[in-house]
Amino acid sequence: MTLTEPQDHRTEQRQRILDAAATCFSREGFHGTSMQQICTEAGMSPGALYRYFPSKEAIIGAIVEAERAERTRLFDALRQSESLMAGLTAAMAELLTGTQSMCDRLGAEIFAEGSRNPKLRELLDPMERESHQMLRDLLAEAQRRGEIAADVDLEALQVLLLAIGDGLMLNHQRWPHFDIPGRLAALSGLMGRMISPRGMDAP
């Protein structure tokens, strides 16, 4: 009998814990969730859970790292898109209508906790800086291609796009009857008129 845990089993158990933690965090918040509650939700003993994650912060860290990988994948797809607005619209549609990542589901909780928890902020800040740089690069390239008017302040546009994206996600969760996924084409057109050199709708 081997004493080494098979990698696929370890991966499955880690994901089981992360899913249980996300459910608890969504229901009770970070502060209101205990490790015991996560154990109960996962159907695991404390000893088994602590083999994978020594603390609640370690679980949150793993959730953040998974989100980092997902963001990288989305930006890779954006770089392959036919245009900036088409890519942004497709990415937002995927986020709103696809299987949401844990960070998407926990967005409001993570934002609030990150503003008051130094440990979580240390985990989030590098990922945010990385995402902001990738977005700046995309905007600069789109401006060079002539998709964005030369006089548009790219730093201001980046702030606006991030705020709009976060707002759409939160409003979709809070007020699904707004049908934001069904309005994405119209919203994309509005944004396209704002930034296009010709004031025309984006494709």
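Along the sequence, the protein chain follows the pattern α-α-α-α-α-α-α-α-α-α. The secondary structure amounts to ten helices and zero strands, where helices (H or I, at least four residues) and strands (E, at least two) are DSSP runs numbered from the N terminus. The model is predicted, and local features need pLDDT of at least 70, side-chain atom pairs count only at pLDDT 80 or more, and totals for chains, interfaces and linings use all residues. Residues are numbered from 1 along each chain as its sequence is written, and side-chain values use heavy atoms, with hydrogens and water left out.

The C-alpha trace of the protein chain spans about 65 × 40 × 30 Å along its principal axes. Of its 203 residues, 38% count as buried; buried means under 20% relative accessible area, exposed over 50% and partly exposed in between, with a 1.4 Å probe and protein chains only. Among contacts in the protein chain with a separation of 6 or more, 64% are accounted for by residues 24 or more positions apart, a contact being heavy atoms within 4.5 Å.

On the α4 side the contact includes Ile60, Val64, Arg68, Arg71 and Phe75, and on the α8 side it includes Leu120, Leu124, Met127, Ser131 and Leu135. By class, the contact of α4 with α8 has eleven nonpolar, three polar and eight charged residues. In this scheme Ala, Val, Leu, Ile, Met, Phe, Trp, Tyr, Cys and Pro count as nonpolar, Asp, Glu, Lys and Arg as charged, and the others, Gly among them, as polar.

Ser131 is placed in helix α8. This residue is buried, with a relative accessible area of 6%. Not counting residues up to four places away in sequence, Ser131 touches Arg71 and Phe75, both of which belong to the α4 side of the contact.

Arg14, Ile17, Leu18, Ala21, Phe25, Phe30 and His31 in α1 meet Lys56, Ile59, Ile60, Ala62 and Ile63 in α4. The contact of α1 with α4 comprises, by class, nine nonpolar, one polar and two charged residues.

Phe25 lies in helix α1 and, at 0% relative accessibility, counts as buried. Phe25 and Ile60 are 35 residues apart in sequence and 9.7 Å apart in space, C-alpha to C-alpha. Leaving out residues up to four places away in sequence, Phe25 touches Phe30, Thr33, Ile38, Lys56, Ile59, Ile60, Ile63, Leu106 and Glu109. Glu109 lies in helix α7 (residues 107-114) and is partly exposed, with a relative accessible area of 28%. With the same exclusion of sequence neighbours up to four places away, Glu109 touches Phe25, Gly29 and Phe30. The C-alpha atoms of Glu109 and Ser26, 83 residues apart along the chain, are separated by 7.6 Å.

Helix α5 (residues 84-97) has 14 residues and reaches 20 Å from its first C-alpha to its last, close to the 20 Å expected at 1.5 Å a residue; the expected span is 1.5 Å times one less than the number of residues. Buried residues in α5 are Leu84, Met85, Ala86, Gly87, Leu88, Ala91, Met92, Leu95 and Leu96. Ser83, in the loop between α4 and α5, caps the N-terminal end of α5, with a side-chain oxygen 3.2 Å from the backbone nitrogen of Ala86. At 8% relative accessibility, Ser83 counts as buried. The C-alpha atoms of Ser83 and Leu157, 74 residues apart along the chain, are separated by 16 Å.

Ser196 is found in the segment after α10 (180-195). With 12% relative accessibility, Ser196 counts as buried. Apart from its neighbours within four places in sequence, Ser196 is in contact with Glu147 and Ala149.

Conventions
A polar contact is a pair of N or O atoms within 3.5 Å; within protein, one must be able to donate a hydrogen and the other to accept it, and residues adjacent in sequence count only if both atoms are side-chain atoms.
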